[in-house]
Amino acid sequence: MVHTLNLQTQKRNQWIDITSLIEGFLQNFQFKDGVAVIYCPHTTAGITINENADPDVCRDLLRRLDELCPWDMAQDRHGEGNSAAHLKASLIGSSQTVIVKDGRLLLGRWQGIYFCEFDGPRSRQCFVKFIG
């Protein structure tokens, strides 16, 4: 079974901690052991695992991605004008796989799973599949 997360982003660049939503799926469906695959089907968004204890980490990473991939580049030819969003999504990646043991995600103490928006605000989805 594939579970769908529906998200509404509020900003052009935004990271949303979806860890608790995925943990909710684990509890609701009583999944105990295996892996969780979290997948983003959008070309201007992604999924990453990073620190969730200090919000400055996400802000710093978004700022650094903006420095690496500036929004306004005269050389960009993509008609929608969002080449920076495509590049950021490619750098972050479209999925993550997390081990599940005894009904819990095996994340590090400071880790969280993030949906990464780079072309918002938009209505988005990501999918979660548990494989046991």
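Which side chain meets that of Arg-122 in a salt bridge?

1. The partner is Asp-119, and the N to O distance in this salt bridge is 2.7 Å. Please bear in mind that the model is predicted.

2. Thr-9 is placed in the loop between strand 1 and strand 2, and it is buried, with a relative accessible area of 0%. Its side chain reaches the backbone nitrogen of Arg-122 at 2.8 Å and makes a polar contact with the side chain of Glu-117 at 3.0 Å. Neighbours within four places in sequence aside, the residues in contact with Thr-9 include Gln-14, Ile-16, Phe-115, Gly-120, Pro-121 and Arg-124.

3. The salt bridges number six in total. One of them joins the side chains of Arg-59 and Asp-56, at 2.5 Å from N to O. These two residues are three apart in helix 2, which means that about one helical turn separates them. An α-helix has 3.6 residues a turn, so residues three or four places apart point the same way. Asp-56 counts as partly exposed, at 37% relative accessibility.

4. A further salt bridge links the side chains of Asp-66 and Lys-88, with an N to O distance of 2.3 Å. Because Asp-66 belongs to helix 2 and Lys-88 to helix 3, this pair ties together parts that lie 22 residues apart in sequence. Lys-88 counts as buried, at 1% relative accessibility, while Asp-66, at 33%, counts as partly exposed.

5. Lys-88 leads on to the rest of helix 3, which spans residues 83-92. The buried residues of this helix are Ala-84, Ala-85, Lys-88, Ala-89 and Ile-92. Seen down the helix axis, they fall within an arc of 135°, and therefore line one face of helix 3. On the other side, Ser-90 and Leu-91 are exposed. The cover over the buried residues includes helix 2 (55-68), strand 2 (14-17), strand 4 (45-51) and strand 7 (111-117). Just after helix 3 comes Gly-93, with a positive phi of about 100°.

6. Which strands make up the open sheet, and in what order? Its five strands are arranged as 1-8-3-5-6, with antiparallel pairing. Strand 1 (2-8) and strand 6 (104-105) are the edge strands, each pairing on one side only. Within the sheet, strand 3 (residues 34-39) and strand 5 (residues 95-101) are paired in the antiparallel sense over six bridges.

How values were computed: Residues numbered from 1 in each chain as written. Predicted model: local features only at pLDDT ≥ 70, side-chain atom pairs only at ≥ 80, totals over all residues. Heavy atoms only, no water. Pairing = 2+ DSSP bridges. Helix = DSSP H or I, 4+ residues; strand = E, 2+ residues; numbered from the N terminus. Buried < 20%, exposed > 50% of the residue type's maximum accessible area, 1.4 Å probe, protein only. Arc of directions from axis to C-beta. Contact = heavy atoms within 4.5 Å. Salt bridge = Lys/Arg side-chain N within 4 Å of Asp/Glu carboxyl O. Polar contact = N/O pair within 3.5 Å; in protein donor to acceptor, adjacent residues only side chain to side chain.
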